Protein chains: 2
Amino acid sequence: MSSRVPPPFPADTSLELSAREMERLVRLATDRIVDHVASLPAQPAADTDSAEALARELIERDPPETGAPAEELLDLLFTRAIPKSFNTASPGYLAYIPGGGLFPSAVADFVASATNRYVGVFAAAPALAQLETNVVRWFARIAGFPATAGGFLASGGSLANFSALVAARRARLPENFLSGVLYASDQTHHCVAKAAALAGFPARSVREVPSDEAFRLRLDLLAEAVAGDRRKGLTPFLVTGNAGTTNTGAVDDLAALADFCAGERLWFHVDAAYGGFFLMTGRGRQAMAGLERADSVVLDPHKGLFLPYGAGCLLVKDPGTLRRAHASHVDYLPGMQRDPDFVDFCEISPELSRSFRGLAAWLPIKMHGLGPFRRNLDEKLDLARWAAEELRRRPGVEIVAEPQLSLLAFRVVRPALAPEAVDDLNRRVLAAVNRRGRVHLTGTVAKGRFVLRICVLSFRTHADRIRAALEDLDAALREAVE
Amino acid sequence: MSSRVPPPFPADTSLELSAREMERLVRLATDRIVDHVASLPAQPAADTDSAEALARELIERDPPETGAPAEELLDLLFTRAIPKSFNTASPGYLAYIPGGGLFPSAVADFVASATNRYVGVFAAAPALAQLETNVVRWFARIAGFPATAGGFLASGGSLANFSALVAARRARLPENFLSGVLYASDQTHHCVAKAAALAGFPARSVREVPSDEAFRLRLDLLAEAVAGDRRKGLTPFLVTGNAGTTNTGAVDDLAALADFCAGERLWFHVDAAYGGFFLMTGRGRQAMAGLERADSVVLDPHKGLFLPYGAGCLLVKDPGTLRRAHASHVDYLPGMQRDPDFVDFCEISPELSRSFRGLAAWLPIKMHGLGPFRRNLDEKLDLARWAAEELRRRPGVEIVAEPQLSLLAFRVVRPALAPEAVDDLNRRVLAAVNRRGRVHLTGTVAKGRFVLRICVLSFRTHADRIRAALEDLDAALREAVE
């Protein structure tokens, strides 16, 4: 039977780029990217002046029918849109939890997207899926989990925490799970309560346990809450410990929590999204001792491993718990692996098609080795401690949260002023520091009072930038007093 | 107060690349990427021979302490790991639902990761968040949703479907939602049942409604099921319609489903992950008429818009439903937007930190305009119809599923043979086609029988490759008969 009759329609090749066109587009982007990254130290740590007006100007309700030159589009990004933002890649970004943005990760994302491989199913790209599995196993090793542990990379900490809750719900609660209760300190990241809501738990299922003066979960109150709930016929099933809160950097007493959970037969989950990779350092291992006894732990490589945004990781002690919560049998998919060396991510995680996100971790770790990461993390611990010591020497400044890792909180105190006036003074100091643009800090509310935070986590942040923060803070204090 | 005392530790700059080192790394990667992409037409459509052995060889249980040269690592990727996989970027990849891998999207991912901006909160990067919001609004326009609709980009269809279910659960069911029931045809992608399980629904809450001979949901049986469940005291709340099933490409009668859902006051969700972007074509709009009446719809730009993996989209008619399911108040975050022109993605989606995934859609749409996408999609519809016509002319070949969009299913029939033997014959034919490497097809089970599928969805696939598929199929048929 002949198939020689030509079909009655032309080939549309208008989306296909020649090698020359690809080269040219990469050149245009690379020139701008390299200029941008190389000049980061000189850029403001944040600049959102008139950014909202720019956003409004950029509103386009209808998709364009015809194209525009790549230069124009890249210039719009690099000269207008990107500069008008929090400079989350800058050495001066000490706000929230800083990201990093390792350059080899960006190149890895370029490789992954251009080759467009599919790693959700092992059979579709065995060697590439294996590289991602290696990354997960390295993280398990860093967390002190055994070689039999399992896990996967998620798009960030929120979804990694969500999957931990889903695995625990499935492992520890009956089908009607609405009497289940989970516990976490009042300092816990809101994504844990959000994850519980997404997983179907009513708001009252999430018990907020008060924290102590160092913002650590109070174990006595946890024990009371669990006992009280059991008396009421509810079903305590999970405790979340914090390994570095977003608010003030607190690390709960994880060893004590592990003991408590073992005694009460509760799932012990640790949110180490911010703090986890400090386990590569001696001080981090000491601060987070007990984490290795968790049933599940969340680490964010886009925080403590300096990767670009889009990389979270869930580790579980028993990979069967992930499988039971996620696996399905499907006719249109290839067969799944039975060999425990190999992993089908779609069987242990909520996603099927998704990007090859493991490459952004694999390439920089392989290129640099862990050594430079460890040394950088040690340096960030030093910098936070140094900042705290320096701040402590300033009259009228109080350390609200000592750096348990690389995050500290402090405030200006004025005993003569009303608490609201002091909050207001701190807000003015924060604004004055940020106005200078060398560093960007944020505030939060701790024990009811507005406080300032310094979080050191970018690999680009060194002593010179912390010194700049202290200088600008001194200037801001002088201004605020005047 | 002086901060001049130098801190007692050195700066670790070992993760910082100079402009020259960045340029060099990009050059190394680009040379390999451009060679790879430019030679895609000549590469096999899949090659996993000894890929498992390679994966085993690549197992590394311990993270490396020291680094390795980038050339070596990139060579491992490009000469060994990437070739040993399903070539999901190839013009010959007609398996599952093909992805694309537009080159400008890969460059956009490079830009997004290198500049590492954070778009989950509008205030952090207003202009960039706006570009992603524009993309979502363009997709809403394509779906025929009103300008007041809302939505967000997810990592893929699975999580987009999950968020649709969570929004519907919150909008339509009480806190104790376990009596809620959702409905979908037996052809529905398994991610819908998986999403229900993740959201806490027991397996019995997902009602699988039989499909008709064209694999479309049977409305009469849906009506019966809903009425029966109401009589039992259960709470029907959602129907999922398919706009292109993964199994055989079926499009449910969406207009009839919209009528039914309106009458029964059920949330009408459409999974258009595969089919949705065909709404840009006249034939697509005709096939999917009624989709615009859905409460929520999932589109996968990494399918019908040819983007690299990692791009799904959820659209909802009422953005308040997403907000009520996802928003939280948090002290340590900046203020959220009240202006309806602006969107905080963290308030309407499960993620907080995540990659700037909108850029991978924005750049190619702006560079090319929608025209080339529309023409490409029209061409894919033509190619699937042409393939069906050609196959129909072959004696002993039966079209099992006509192409309602760009996916068809067929099988070799031999009335003299037992059904199991025919299944076996089809499996041999499939293996023989794939062995030739010019195209890669997959099979599935439809109405209890093993069938072959052709899904045309890569922008790189044109008539020459469909002709190759037909030739290789003819050769395989001859072989299988011998």
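This is a predicted model: local features need pLDDT of at least 70, side-chain atom pairs count only at pLDDT 80 or more; totals for chains, interfaces and linings use all residues.
**Loops, helices and a buried aspartate**

Student: OK, over to chain A: what is the phi of Lys447(A), roughly?

Tutor: Lys447(A), which is not a glycine either, has a positive phi of about 50°, and it lies in the loop that joins β10 (442–446) to β11 (449–455) of chain A.

Student: Switching topic, which residues of helix α12 of chain A are buried?

Tutor: In α12(A), which covers residues 319–326, the buried residues are Gly320(A), Thr321(A), Leu322(A), Ala325(A) and His326(A).

Student: What do the buried residues of α12(A) pack against?

Tutor: They pack against β1 (150–154), α6 (157–172), β5 (267–272), β7 (312–316) and α13 (345–348) of chain A, together with α7 (190–198) of chain B.

Student: And what covers the buried residues of α12(B)?

Tutor: For α12(B) the cover includes α7 (190–198) of chain A, together with β1, α6, β5, β7 and α13 of chain B, and the buried residues in question are Gly320(B), Thr321(B), Leu322(B), Ala325(B) and His326(B).

Student: What does Asp318(A) reach at the start of α12(A)?

Tutor: A side-chain oxygen of Asp318(A) comes within 2.8 Å of the backbone nitrogen of Gly320(A), and at the start of α12(B) a side-chain oxygen of Asp318(B) comes within 2.8 Å of the backbone nitrogen of Gly320(B).

Student: Where's Met336(A)?

Tutor: Met336(A) is in the loop between α12 and α13 of chain A, and with a relative accessibility of 18% it counts as buried.

Student: How far apart are the C-alpha atoms of Met336(A) and Ala123(A)?

Tutor: They are separated by 7.5 Å, although the two residues are 213 residues apart along the chain. Leaving aside neighbours within four places in sequence, Met336(A) is in contact with Val121(A), Asp344(A), Cys346(A) and Glu347(A).

Student: Back to chain B: at what angle do the axes of α5 and α14 cross?

Tutor: The axes of α5 (residues 126–142) and α14 (residues 359–368) of chain B come within 9 Å and cross at roughly 70°, which means that α5(B) is roughly perpendicular to α14(B).

Student: Which residues make the contact?

Tutor: From α5(B) they are Leu131(B), Val135(B), Trp138(B) and Phe139(B), and from α14(B) they are Ala361(B), Trp362(B), Ile365(B) and Lys366(B). By class, that contact has seven nonpolar residues, no polar ones and one charged residue.

Student: Last one: what does the side chain of Asp300(B) reach?

Tutor: It reaches the backbone nitrogen of Gly157(B) at 3.1 Å. Asp300(B) is found in the loop between β6 (296–299) and α11 (301–304) of chain B, and Asp300(B) is buried, with a relative accessible area of 0%. Not counting residues up to four places away in sequence, the residues that Asp300(B) touches include Gly156(B), Ala272(B), Phe277(B), Leu305(B) and Cys313(B).

Notes:
Residues are numbered from 1 along each chain as its sequence is written. Chains are lettered from A and ligands numbered from 1 in the order in which they are written. Side-chain values use heavy atoms; hydrogens and water are left out. Helices (H or I, at least four residues) and strands (E, at least two) are DSSP runs, numbered from the N terminus. Buried means under 20% relative accessible area, exposed over 50%, partly exposed in between (1.4 Å probe, protein chains only). A polar contact is a pair of N or O atoms within 3.5 Å; within protein, one must be able to donate a hydrogen and the other to accept it, and residues adjacent in sequence count only if both atoms are side-chain atoms. Contact means heavy atoms within 4.5 Å. Axes are lines fitted to C-alpha atoms, for helices over the stretch in contact, and angles run from 0 to 180 degrees between N-to-C directions. Angles under 35 degrees count as roughly parallel, over 145 as roughly antiparallel, 65 to 115 as roughly perpendicular and the rest as oblique. Ala, Val, Leu, Ile, Met, Phe, Trp, Tyr, Cys and Pro count as nonpolar, Asp, Glu, Lys and Arg as charged, and the others, Gly among them, as polar.
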